[in-house]
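Please open the model in the viewer and follow the selections below in order. Each stop names what to select and then describes what is found there.

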Amino acid sequence: MSGLGYAAMFKIVFSPLFIGLVALVVGQAVLFRRWRHLTWLERGACLLLAVTTGTLLMASLPIVASLLMYSVESRYREPTPADLARANAVVVLDGGYVKGRDPSRDWLGGVTVGRVLCGVDGFRQSGAKWLVMSGGSGGGRSVELMRYLAIDRGVPPQQILLEPLSRNTFEHPLEVRKLAQVSEADTLAIVTDAFHVPRAMREFKRYFPKAIPVPCDVHALPSVGPRQFLPQIGALGRTTTTLHEYLGVVWYGVRHLGD
């Protein structure tokens, strides 16, 4: 193992998450040794704690997080040049921004930057007339910053439309369809993170049947190694994000029951 590999392992082993999980496992091992002396209520608490610890441990393993995220990301492929050529508009979904001490110091979060750059590339490859920035973070501040970045990347300002009212994935297509330059008969290229594409496409397809996905920031499956089986906070974040997407699909399905 290289020096860089040892440094990475050191960071993992001495992280608060790893140390906390080890402490939980050791503590439960001690309690289970005294199983016969515990009351039924105490045994139930021990079992609940064991299940919770096991769930947290599994959710924190990179191999588990990657497989879960792959189950979502693999549903849609990247569009072909022929697909993009059909697009009338490219719609980039807002991923949020970071508020600075004053408006001049506001900046886009990494997720949103990636989406804008991906959207600009797709817009250049397509025959689309419009590049739409959709999202209401900060009362529309985020889409303004997205517009500045797109202009900086060479997109003509007159071809950029802002949709600053939608607050979530459910509302993105509802607000986009209100734009005078967009019709439900148009082919929209929807740009968002690969893990978010399935939920976004389910919503846009309700109003724009010809919508096509443009997934960006695909998380490839990692090579199998020791570090993939050690709990890490980044993996826990990816697992949480994936579960959020699954729950979001279910919740939006419930909301549409009354349609």
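**First stop: helix α3**

Within helix α3, the residues Arg43, Cys46, Thr53 and Ala59 are buried. The model is a predicted one. How far apart are the end C-alpha atoms of helix α3? They are 29 Å apart, which agrees with the 28 Å that the 20 residues of α3 (residues 40-59) should span at 1.5 Å a residue.

**Second stop: the surface at helix α10**

Select Val254, which is placed in helix α10 (residues 233-255). Val254 is partly exposed, because its relative accessible area is 42% and the buried state requires under 20%.

The largest nonpolar core has 24 residues, and Val116, Leu131, Met133 and Ala150 touch the most other members. At least two residues of this core come from each of β1 (89-93), α6 (110-125), β4 (130-134), α7 (141-152), β6 (188-193) and β7 (212-216). The greatest contribution is that of α7, with five residues.

Centre the view on Val116. Leaving aside neighbours within four places in sequence, Val116 is in contact with Val92, Met133, Met146, Leu149 and Ala150. Apart from this core lies another, of 18 residues, including Val176, Leu179, Val182 and Phe208.

Notes:
Residues numbered from 1 in each chain as written. Predicted model: local features only at pLDDT ≥ 70, side-chain atom pairs only at ≥ 80, totals over all residues. Heavy atoms only, no water. Helix = DSSP H or I, 4+ residues; strand = E, 2+ residues; numbered from the N terminus. Buried < 20%, exposed > 50% of the residue type's maximum accessible area, 1.4 Å probe, protein only. Core = buried A, V, L, I, M, F, W, Y, C linked by side-chain atoms within 4.5 Å. Contact = heavy atoms within 4.5 Å. Expected span 1.5 Å × (residues − 1).
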